[in-house]
Amino acid sequence: MSLFELRDVSYSYPSAPRPALDGISLDVAEGALFALLGPNGSGKSTLLRVMLGELSTSSGGVTYAGRPSDSWGRREIATQIAFVPQAEPMAFPMTVRALVEMGRYPHTGILGRMGPHDREAIDEAMERAGVAELGGRSIRNLSGGERQRVRIARALAQEPKILVLDEPTAALDLHFEMETFELMRELTEERAFTVVVATHNLNLAARYATRLLLLAEGRIEALGSPEDVITAETIGRVYRWPVIVTSYEESGPGSGSPQVVPLSEAVSSTPG
Amino acid sequence: MTRHVTVTRHALLLAGLVLAFVAMVLVGLMVGAVRVPVAEVLAALRGSADAQTRTIVVGLRLPRVLLAAEVGAGLAVSGAVFQALLRNPLAEPYVLGVSSGAAVGAVTAIVFGMTATSMFALPIAAFIGAIVAITLVLAMAAAAGRGLDTHVLLLAGVVIGAFFNALILLLVNFADLETFRAAMLWIMGSFSGASSESVTIVAVWVIPALVVLGLLARPLNLMSVGEQSAFHLGVDVRQLKLFLYVGTSLVVGVCVAGSGAIGFVGLVVPHALRLVGGSDHRWLLPACALTGGGFLVFADTIARTIVAPAELPVGVVTALAGVPVFLWLLIRHEEGV
């Protein structure tokens, strides 16, 4: 069953020369780890914002779980879809646990009185995101990687069906980046989550995602399995850089997935 | 577990603030040209003291103390709400020019004689002035293209505030000398015009508005992590912002209609309380109401006694206390702390 359905979706920013999204149709199946790829300015963020209801489409329709996405109330949809932003303002000091507790907002009443289930959901989310021991720390005193995991914990505390992440590893080192991708796989394979992630990391997307979408200039360039999308010809053309594609041959999950190796400029200018 | 500790701590802090508030009110009723001992203040409030003491305590001082408490509560809560809404610890009705906008509305109503038509003309005119001011400030900041950038917001607030203060002086030139004197009180703020009528008018508008703002404490908490995150956590951000801007403009407008533009209460009080009890608005907003009220009662007690038999505009006292805090915050903010 597909959770998100987009049919011929277009979006234009006011006074922009060309549409940011142009005729996008796609389905995100339940349980998928769906990676959104594309060069800077290709429309990844706009597509996420349209799917999440932040922007209304110029034409075409977005449905979530069979209902037009603009017919969902904010609190109602927040129990279904959780979003992890790249970064967010921290105007006032706050503890990690207080930030994660925000994830219970759509589930609790006007005073925010929390029952045992709410506290369990918070504990479990912090455990799963690996921030259980940070609860009493101030969010300002954490590293970038730790903050990102706290935001993932908050999203999990929403107990959503879908987790949407916007370039979650853009500012993270290899350790946190791998942990994030491992967590996303664990969530989809073991916990029946659906994950949609926008990322620039083609190789980890190819290893971890079940389905890839490659955007270029607001249009779908390729959509399908890693093998369908990650080809030397497609990647070379969309990113305007010569690449070769090899294969990840270690045993275990993702074995055999295509891996992109960009060539150096000197190689590309060599005739033949 | 930690949550339980926090709840108990906040309850204790609030209980302490209630006591402090009551103490400030009693001091405000005791101190003045005639010093009334606390026992006689309590007797006067029960109606059992002699006539002269009752006149001083209940007739003269009580309306002034109550008005100061209401206005202080309103301004401090509005300050905390603006700070969460703009994610900026320096935001405050006076600094943002909203108080000056409300004062223009109030002075316009007085100069053109609209106050004779209805007892609500003054607060409504001040409310409209406040709405116009905050709309102008946000539009200026947006036009500068940097959204809610601290510098642009503060600059816009200062410029709009200066413009509105000039408008007030222009307006009162069409009025008589008495109104001119009164205009200075609008610009600096004073409780010398307090009466049981002004206490009632302010209470009728401000108390319900504060209750509504208090009920929005949770979505307000979420706004402090940004509008996008608040939206995805389930907050209808557009609707909430509309509610909060209208609600705070109403509170600021009515407070200014009651006492003029008193600055920095909305800055000093929320900041001090965040240091003590954190920035959860479920505790912060009630704490701001109590502390803002107590603080302004105390500031007014100083304003009317320190140069007796004359008196200072209370805004002078709050500015002397508030400007150093503002500068300290500005420096810390620039350091990115």
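Guide: This is a predicted model. In chain B, 76% of the contacts with a separation of 6 or more are between residues 24 or more positions apart.

Visitor: What makes two residues of chain B count as a contact in that percentage?

Guide: Their C-beta atoms, placed from the backbone, must lie within 7 Å. Of the contacts in chain B at a separation of 6 or more, 76% join residues 24 or more positions apart.

Visitor: How many helices and strands does chain B have?

Guide: Chain B has 14 helices and 0 strands. Its pattern along the sequence is accordingly written α-α-α-α-α-α-α-α-α-α-α-α-α-α.

Visitor: Why is chain B called as compact as a globular protein of its length?

Guide: The globule rule gives 20 Å for 337 residues, and the radius of gyration of chain B is 20 Å, close to that value, so the description applies. The C-alpha atoms of chain B fill a box of roughly 60 × 60 × 35 Å along the principal axes. Buried residues make up 51% of the 337 residues in chain B.

Visitor: Turning to chain A, why is A:Thr199 called buried?

Guide: A residue is buried if 20 or more other C-beta atoms lie within 10 Å of its own. A:Thr199 has 25 within that distance, so it is buried. A:Thr199 belongs to the loop between strand E8 (194-198) and helix H7 (202-208) of chain A. Leaving aside residues up to four places away in sequence, A:Thr199 touches A:Ala35, A:Leu37, A:Glu167, A:Thr169 and A:Ala205.

Visitor: What makes E6 and E10 of chain A the edge strands of their sheet?

Guide: The sheet in chain A is open, with 6 strands in the order E6-E7-E8-E3-E9-E10 and mixed pairing. Strand E6 (81-84) and strand E10 (219-224) each pair on one side only, and are the edge strands. From one strand to the next, the twist averages 15 degrees.

Visitor: How do you know that E3 and E9 of chain A pair?

Guide: Pairing requires at least two bridges. Strand E3 (residues 33-37) and strand E9 (residues 211-216) of chain A are joined by 4 bridges and run parallel, so they meet the requirement. A:Leu36 stands opposite A:Leu213 in E9(A).

Visitor: Which helix of chain A packs on the sheet by touching E6 and E7?

Guide: Helix H5 (residues 144-157) of chain A does, and its direction makes about 170 degrees with that of E6(A). Helix H6 (residues 174-190) of chain A lies across E3, E7 and E8, at about 150 degrees to E8(A).

Conventions. Residues are numbered from 1 along each chain as its sequence is written. Chains are lettered from A and ligands numbered from 1 in the order in which they are written. This is a predicted model: local features need pLDDT of at least 70, side-chain atom pairs count only at pLDDT 80 or more; totals for chains, interfaces and linings use all residues. Helices (H or I, at least four residues) and strands (E, at least two) are DSSP runs, numbered from the N terminus. A residue is buried if 20 or more other C-beta atoms lie within 10 Å of its own, exposed if 12 or fewer, and partly exposed in between; C-beta atoms are placed from the backbone. The radius of gyration is taken over C-alpha atoms; the globule rule is 2.2 Å times the number of residues to the power 0.38. Axes are lines fitted to C-alpha atoms, for helices over the stretch in contact, and angles run from 0 to 180 degrees between N-to-C directions.
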